[in-house]
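I opened this notebook to record what I looked up in the structure. The entries follow the order in which I worked.

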Amino acid sequence: MNLSDPDSMNTVISKVLRYGVLLSGAVIVVGTALLAAHAAFSQSGSFLTYNPNQVPHGSFPVTFNSLTAGLASGAPMAIIELGVLLLLATPVSRVLFSIFLFAAEHNRTYVYITLTVLALLLFSMLVTPYIPIFGG
Amino acid sequence: MLVLELMVILFLASIVAGVIGSLVGLGGGVVVIPMLTIGLGVNIHYAIGASIVSVIATSSGAAATYVKDKMTNLRVGMFLELGTTAGAITGALIATYVNSVALELIFGVILLVSLLPLVRKIGEDIPVPPELTGLSKKLKLTGSYVETDGSTVNYNATRPAEGLAGMVVAGLISGLLGIGSGTFKVLSMDLAMKLPMKVSTTTSNFMIGVTAAASAGIYFVRGDVNPIIVAPVAIGILIGASMGARVLTRARNPTVRKIFALVLAIAGLEMVLRALGI
């Protein structure tokens, strides 16, 4: 594939998005099927409890430790959350790939624009949740 | 309600949300949030967490098709994402100091007021391409796509600075209210930058995923992304969005504009009513 051809940029970005969606969708489907096998006929109320006084507010795994532990034991909730994280990573990888594609076009202005967007995005996603003034 | 019932209802409603959202460049939060809070009595924080994920699903699910068909303008999208990401961070920073009810009221009113210029050009198909000057020329904010009848539509963007300012506001709203704010993105591209409607909605669709991802981390860590709600929503939306994308490439610009105006009216009303506690 000739990366300096503008058409190939559309093709590559389209593929990044499609594979991201398929992968995250597949993981969420597996987790959902397992969850349904365990709990389809349980009452949903206990799963929907929201505790405003504690973080995390729910009783499902969201921290690195609880997620890895949950995945190791094949917990459906952890598998679904992994799928959700893959879904969240899809737009980020699209921005990341754009940098290389603009670079291959020798489009310097857009390489800088995209690098700035990626930096802002990663800061917002990964850093702000842990800074108190951002409500982390 | 049984877990199975909850999931089936969410799955089916989310397919509809995905179709609508992908057509008009919004995230489906307009459908997902009231369905969860009013329809199913789910806590508003879980509804917002689900909405953020639904935005990313709508965006990624449909954008693959739009980008491949060259309907989305990648340069316009990347340039404007500077504004949305900066706005989203600022929104998260000031969220604790802002009265979200007042904000929702203001934003709802803005959406309703912006119906006026939108309705005035309701029948417009392809705008006459303005001359490419200044910043638009420097950033090559121009493009073309192939219409349903096989003709090639060429367009140029005007007033990129205004468009970018609109995106900062969109990002700000998104960081503060947990929505994709696709409405505001489409409005900025349509009214300020004078892009064809289908380019505006597909480029907005492309961008909302990044805007939502910027604020998603905070919601995930807080434990607002509840798997039992988000799983059927994400799968339903992904299916709906890929269906919607196939519809849009065949739809006409005036039709897309009419659907957008309708969804905008509903979204604006919904926000005003919620802010007023009705």
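I took helices (H or I, at least four residues) and strands (E, at least two) as DSSP runs, numbered from the N terminus. The model is a predicted one, in which local features need pLDDT of at least 70 and side-chain atom pairs count only at pLDDT 80 or more, while totals for chains, interfaces and linings use all residues. Residues are numbered from 1 along each chain as its sequence is written, chains are lettered from A and ligands numbered from 1 in the order in which they are written, and side-chain values use heavy atoms, with hydrogens and water left out.

**Entry 1: backbone of chain A**

I looked up the peptide bond between Val55(A) and Pro56(A) and found it to be cis, with omega at about -5°. Pro56(A) sits in the loop between helix H1 (6–39) and helix H2 (64–72) of chain A. I then noted His106(A), which is not a glycine and yet has a positive phi of about 55°. His106(A) belongs to the loop between helix H3 (76–104) and helix H4 (108–127) of chain A. His106(A) counts as exposed because its relative accessibility is 71%.

**Entry 2: backbone of chain B**

Lys194(B), a residue other than glycine, has a positive phi near 55°. I located Lys194(B) in the loop between H9 and H10 of chain B. Its relative accessibility is 34%, so Lys194(B) counts as partly exposed. As background, most residues other than glycine have a negative phi, and most peptide bonds are trans.

I counted a salt bridge where a side-chain nitrogen of Lys or Arg lies within 4 Å of a carboxyl oxygen of Asp or Glu. By this rule I recorded five salt bridges over all chains.

Glu104(B) pairs with Arg274(B), with the closest N and O atoms 2.4 Å apart. The two are 170 residues apart and link helix H5 (residues 100–113) with helix H12 (residues 253–275) of chain B. Glu104(B) is buried, at 11% relative accessibility, whereas Arg274(B) is partly exposed at 30%.

Lys198(B) and Glu147(B) form a salt bridge at 3.4 Å, N to O. Lys198(B) is in helix H10 of chain B, and Glu147(B), 51 residues apart from it, is in the loop between strand S1 (142–146) and strand S2 (152–156). Both Lys198(B) and Glu147(B) are buried.

Asp190(B) forms a salt bridge with Arg257(B), the closest N and O atoms being 2.9 Å apart. This pair joins helix H9 (residues 182–192) to helix H12 of chain B across 67 residues. Asp190(B) counts as buried because its relative accessibility is 0%, and Arg257(B) is likewise buried at 0%.

**Entry 3: where chains A and B meet**

How many residues does each chain give to the contact? Taking contact as heavy atoms within 4.5 Å, I found 61 residues from chain B and 61 residues from chain A. I recorded one salt bridge between chain B and chain A. Arg94(A) forms a salt bridge with Glu81(B), the closest N and O atoms being 2.8 Å apart. Among the elements that give two or more residues to chain B's side are helix H1 (3–24) and helix H3 (44–68) of chain B. H10(B) gives the largest share of that side, 13 residues.

Definitions and conventions:
Buried < 20%, exposed > 50% of the residue type's maximum accessible area, 1.4 Å probe, protein only.
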